[in-house]
Amino acid sequence: MGGVARALARVPLPPAFDRLTVTLGPGVARLTEATDWTDCLVLVEGGTVEVECEGGARRSFAVGDLLALECLPVRVLRNRSPDEVRMIAIRRSEPRGETR
């Protein structure tokens, strides 16, 4: 994993940002949509995740890949491997009193 990816995964973030960890166990498929990933930059930290879009197109992303899932018509995140997939999403924090 490159320096920028390592930094996203490990360094303390400014208060204006949140870090979320998403895991997919072996064989797990998670239904999702682009709005779930608004304002997120997603790092694949472990394993390989398959992203399936609404039209059925699929593409796999491996360790160190950075994704902007809100820009895709994403429908499913899938782990086809026997190992766990770990993704880290960095997003802007919600201002106090507001929700997405």
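The questions below ask how the descriptions of this structure are reached.

User: What kind of model is this, and how are its residues numbered?

Analyst: This is a predicted model, in which local features need pLDDT of at least 70 and side-chain atom pairs count only at pLDDT 80 or more, while totals for chains, interfaces and linings use all residues. Residues are numbered from 1 along each chain as its sequence is written, and side-chain values use heavy atoms, with hydrogens and water left out.

User: What makes up the chain, in order from the N terminus?

Analyst: The order is α-β-β-β-β-β-β-β-β, that is, one helix and eight strands. Helices (H or I, at least four residues) and strands (E, at least two) are DSSP runs, numbered from the N terminus.

User: Why is Glu-50 called buried?

Analyst: Buried means under 20% relative accessible area, exposed over 50%, and partly exposed in between (1.4 Å probe, protein chains only). Glu-50 has 9% relative accessibility, so it counts as buried. Of the 100 residues of the chain, 32% count as buried.

User: What does the side chain of Glu-50 make polar contacts with?

Analyst: Glu-50, in strand 4, makes a side-chain polar contact of 2.7 Å with Arg-78 and another of 3.1 Å with Arg-80. A polar contact is a pair of N or O atoms within 3.5 Å; within protein, one must be able to donate a hydrogen and the other to accept it, and residues adjacent in sequence count only if both atoms are side-chain atoms. Setting aside neighbours within four places in sequence, Glu-50 is also in contact (heavy atoms within 4.5 Å) with residues including Arg-58, Arg-59 and Ser-60.

User: Is Leu-31 buried or exposed?

Analyst: Leu-31 is exposed, because its relative accessibility is 70% and the cut-off for exposed is over 50%. Leu-31 belongs to strand 2 (residues 29–31). Apart from neighbours within four places in sequence, Leu-31 contacts Arg-75 and Val-76.

User: How many disulfides does the structure hold?

Analyst: The structure holds zero disulfides, a disulfide being a pair of cysteine sulfur atoms within 2.5 Å.

User: What makes a group of residues a nonpolar core?

Analyst: A nonpolar core is a set of buried Ala, Val, Leu, Ile, Met, Phe, Trp, Tyr and Cys residues joined through side-chain atoms within 4.5 Å. The largest one here has 16 residues, and those with the most contacts inside it include Trp-37, Val-42 and Met-87. Strands 1 (17–24), 3 (40–46), 4 (48–53), 7 (74–78) and 8 (85–92) each supply at least two residues of this core. Val-42 touches Trp-37, Leu-69 and Met-87, among others, not counting residues up to four places away in sequence.

User: How do you know that strand 1 and strand 8 pair?

Analyst: Two strands pair if DSSP finds at least two bridges between them. Eight bridges join strand 1 to strand 8, so they pair, and they run antiparallel.

User: Why do strand 1 and strand 6 stand at the edges?

Analyst: The open sheet has four strands in the order 1-8-3-6, with antiparallel pairing. Strand 1 and strand 6 (66–67) each have a single partner strand, so one side of each is left without a neighbour in the sheet.
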